[in-house]
Amino acid sequence: MSSYNLTHLSQLEHEAIFVLREVAAQFERPALLFSGGKDSIVMARLAQKAFAPAKLPFPLVHVDTGHNFPEAIEYRDWFAEDVGARLVVRYVADSIKAGRCQEEKGPNPSRNGLQTVTLLDTIEEFKYDACLGGARRDEEKARAKERFFSHRDEFGQWDPKNQRPELWNLFNGRKNQGEHFRVFPLSNWTEMDVWQYIAREKLKIPSIYFSHQRRVVNRNGVLLAESPYITLLDGEHYEERTVRYRTVGDSTCTGAVESPASTLAEIIQEVASARQTERGTRADDKRSESAMEDRKKAGYF
Amino acid sequence: MSATPTTAAAPVHTDEHYLAMDLLRFTTAGSVDDGKSTLIGRLLYDSKAIFEDTLENLERVTEQRGEETLNLALLTDGLRAEREQGITIDVAYRYFATPKRKFIIADTPGHIQYTRNMVTGASTANLAIILIDARKGVIEQTCRHSFIASLLGIPHVVVAVNKMDLVDFSEARFNEIVAQYSEFASRLNIADIKFIPISALHGDNVVENSTRTPWYHGGSLLYTLETVYIGSDHNHIDPRFSIQTVIRPNNDAHHDFRGFAGRVAGGVFKPGDEIVSLPSGLPAVIKSIHGPEGELAEAFAPMSVAITLDREIDSSRGDLFAKPNNQPAVTQDIEAMICWFAPAKLNPGGKYILRHATRETKCAVKAVRYKVNINTLHKNTEDLSIGMNDIGRIHVRTAVPLMIDSYKRNRTTGSFILIEEFSNATVGAGMIMWTEGSERGQTEQFADMGGL
């Protein structure tokens with residue numbers, strides 16, 4: 001301790017806690033977006049530490065597409081109860097019913113884009129002025145330009161060309177009525193950092209991150225899990241494979257990877273030698289070169 | 001889409017290694033043609049931070065655009081507008097790791113109209129890489145980048161003399177540039193400068209030492225990045241702790257717990273230490289310190305902790321803990337260097353919101369002292385208009401007192417941002433030089449600011 005050095009993982013931890021506390025101090029109605037995915041689990045764990053021994057000063061909010069993996073939903077409910085946090089869930093299906101948005105057509109209709117509508121409606125319903133997200137800059141090139149404190153206008157939109165410069169550790173969370181912020185405490189973390197932190201903290205994670213048997217269909221190189229929301233095309237068929245998930249999104253657009261990794265240590269070895277990006281399994285990003293930027297501008301996570 | 005679990009992982013990610021690694025944040029400033037993108041691309045590629053699908057995508061896009069060589073700039077140009085215009089508009093952050101360290105690169109565009117981005121990237125960096133084209137030597141842009149590195153207090157500068165292949169790896173040419181740069185840099189305030197002859201394109205002295213520069217006895221660029229000593233970059237002398245929020249659990253188990261949450265900005269705090277809360281001046285003794293992994297025997301920068309005291313004192317967000325024998329200046333008058341970010345010029349006499357550490361206050365710009373020509377370091381006292389990307393010296397008066405140190409002494413308690421009141425835009429970044437009253441007359445303080 002007397003050398004006054006911190007390891008990189010500790011530095012990231014202290015930085016994230018600083019950001020979480022700034023959110024509690026600068027905003028009146030913050031919320032933590034929680035999907036049961038590994039990044040949001042790490043973020044929620046850091047939030048626990050930031051305010052211990054007090055409880056989380058914000059609710060956990062989840063936008064449920066109805067196409068989520070049941071393992072992730074189970075985990076979400078268990079986690080909220082375990083930490084004693086308030087859980088707010090809003091459903092894309094309700095937004096569709098209310099005519100706020102329309103289901104996509106095609107063989108694997110994605111509700112990925114529709115989540116934005118439900119998310120923005122939820123933000124308005126509860127008057128949230130800051131939403132904490134687990135997104136990281138290393139995930140995707142539009143995210144690499146994202147700020148810790150990211151301003152959203154009254155329509156929930158992101159203006160990437162007109163972002164507030166962020167210097168030192170001074171975060172400007174000032175806004176006008178109706179605007180809000182998205183805040184990303186894990187901005188400087190990489191996929192490897194997240195896994196190492198899960199291992200260091202011995203965090204529980206949903207079972208789909210570990211190797212298991214699953215019936216999948218290979219569609220354009222993405223292994224999609226068998227589900228009622230996917231229509232098989234001519235020549236396609238389901239087959240059982242040994243797989244796990246690197247990211248957890250909608251089952252209709254998140255692919256599995258073939259893997260025998262069944263422990264955290266094995267996953268870490270696998271991540272270390274991986275030659276594909278984590279979001280390479282996300283069909284939603286493959287729609288175009290600017291798919292993420294376009295969704296983010298509209299108010300996506 | 002097949003996983004590759006059979007390949008053995010590089011030693012970089014074994015647990016002991018990984019958990020003991022430290023973190024170096026560095027910035028690179030340069031323009032399109034000085035090889036900056038090539039250099040970053042090489043560092044990322046050689047450290048396996050570029051994934052196959054990213055590379056394939058890059059090849060596809062490069063081909064689509066009808067370009068002949070792989071355009072590595074497309075890696076960092078994340079926004080549609082950047083790709084369309086072929087320019088970097090904003091700071092991009094990139095990540096890679098070697099067995100020794102994890103690195104965060106703040107990649108910033110080098111043109112004069114992007115000075116504000118360079119300043120932003122430099123504000124959190126331990127080290128700056130300054131690229132010099134071996135054929136051109138020290139040019140205006142080199143001076144600009146070095147001045148900004150110096151002004152922003154970056155402790156380590158690596159001058160990478162690039163394109164050595166185009167000057168036949170000439171030792172004489174390298175020495176000429178070293179002499180040129182050293183003469184210029186003697187006017188600046190950079191503690192540690194290293195020179196490395198490289199060819200980013202061919203990889204000479206980037207990761208491994210080149211056989212083509214037998215006269216060069218220093219380490220490669222990557223070796224330098226891995227080994228530069230950063231343990232003393234934080235201030236561990238002057239105790240400073242700004243309160244972010246107060247933690248009060250209000251439950252039976254922790255009924256009396258009152259934790260002052262914040263991040264240590266300097267010095268060392270231990271249980272039993274006497275502190276003084278500013279601006280009130282109320283004394284107290286530290287009862288306990290709580291970190292992310294439990295109670296701590298000591299806390300130092302940049303740790304996020306919660307501090308409990310032996311008595312109830314009235315302290316809240318924006319207040320600062322120091323020690324009775326080592327306190328910052330408490331003042332409403334500040335002399336600072338300012339870098340301007342907004343299209344609308346700084347309004348002399350205008351009112352702004354000032355955010356310093358965890359405190360926010362209204363302020364008025366009382367005077368503009370001079371504007372700096374950032375290419376020549378000449379101080380202009382005739383033209384005092386501070387527009388976008390300009391740097392100048394101002395006097396600010398705040399509505400409430402701030403607890404400040406000079407930026408040179410502490411990057412956290414010595415910095416602030418200015419916010420435009422109605423748009424809420426961040427319009428300026430300030431580095432505190434000295435304080436009216438307390439440090440007045442100490443002219444060395446002036447000399448400390450980037451050589452001015």
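Colleague: Let's start with helices: at what angle do α1 (residues 8–26) and α2 of chain A pack?

Modeller: This is a predicted model, in which local features need pLDDT of at least 70 and side-chain atom pairs count only at pLDDT 80 or more, while totals for chains, interfaces and linings use all residues. Residues are numbered from 1 along each chain as its sequence is written, with chains lettered from A and ligands numbered from 1 in the order in which they are written. Helices are DSSP runs of H or I, at least four residues, and strands are runs of E, at least two, numbered from the N terminus; the axes of α1(A) and α2(A), lines fitted to C-alpha atoms over the stretch in contact, are 9 Å apart. Taken between N-to-C directions on a scale from 0 to 180 degrees, their packing angle is about 75 degrees.

Colleague: How does α1(A) lie relative to α2(A)?

Modeller: The angle is about 75 degrees. Angles under 35 degrees count as roughly parallel, over 145 as roughly antiparallel, 65 to 115 as roughly perpendicular and the rest as oblique. That makes this pair roughly perpendicular.

Colleague: Which residues of α2(A) meet α1(A)?

Modeller: Contact here is a C-beta criterion (within 7 Å, atoms placed from the backbone). From α1(A) come A:Glu13, A:Ala16, A:Ile17, A:Leu20 and A:Arg21. Their partners in α2(A) are A:Leu46, A:Ala47, A:Lys49 and A:Ala50.

Colleague: And which residues of α6(A) meet α2(A)?

Modeller: Helices α2 (residues 38–51) and α6 (residues 191–200) of chain A pack at about 55 degrees, with axes 10 Å apart, and are therefore oblique to each other. On the α2(A) side are A:Lys38, A:Asp39 and A:Val42. The α6(A) side gives A:Val194, A:Tyr197 and A:Ile198.

Colleague: How many of the 10 residues of α6(A) are buried?

Modeller: A residue is buried with 20 or more other C-beta atoms within 10 Å of its own, exposed with 12 or fewer, and partly exposed in between. The buried residues of α6(A) include A:Met192, A:Trp195 and A:Gln196. The helix is largely enclosed by the rest of the structure, because the buried count is 8.

Colleague: Which element gives the largest share of the side of domain 1 of chain A that touches domain 2?

Modeller: The assignment, automatic or from a database, gives domain 1 (8–194 + 290–298) and domain 2 (206–287) in chain A. In the contact, 23 residues of domain 1 of chain A meet 22 residues of domain 2. On the domain 1 side, α3 (70–83), α6 and α8 (291–298) of chain A each supply at least two residues. The largest share, 3 residues, comes from α3(A).

Colleague: Is A:Trp168 exposed, partly exposed or buried?

Modeller: A:Trp168 lies in the loop between β5 (149–152) and β6 (180–183) of chain A. This residue has a positive phi of about 45 degrees although it is not a glycine. With 19 other C-beta atoms within 10 Å, A:Trp168 is partly exposed.

Colleague: Is B:Asp168 buried or exposed?

Modeller: B:Asp168 sits in the loop between β5 (156–162) and α8 (171–185) of chain B, and its phi is positive, near 55 degrees. With 10 C-beta neighbours inside 10 Å, B:Asp168 counts as exposed.

Colleague: Finally, what is omega of the cis peptide bond that joins B:Leu278 and B:Pro279?

Modeller: B:Pro279 is in the loop between β10 (274–278) and β11 (282–291) of chain B. For the cis bond from B:Leu278 to B:Pro279, omega is about 15 degrees.

Methods. Two residues are in contact if their C-beta atoms, placed from the backbone, lie within 7 Å.
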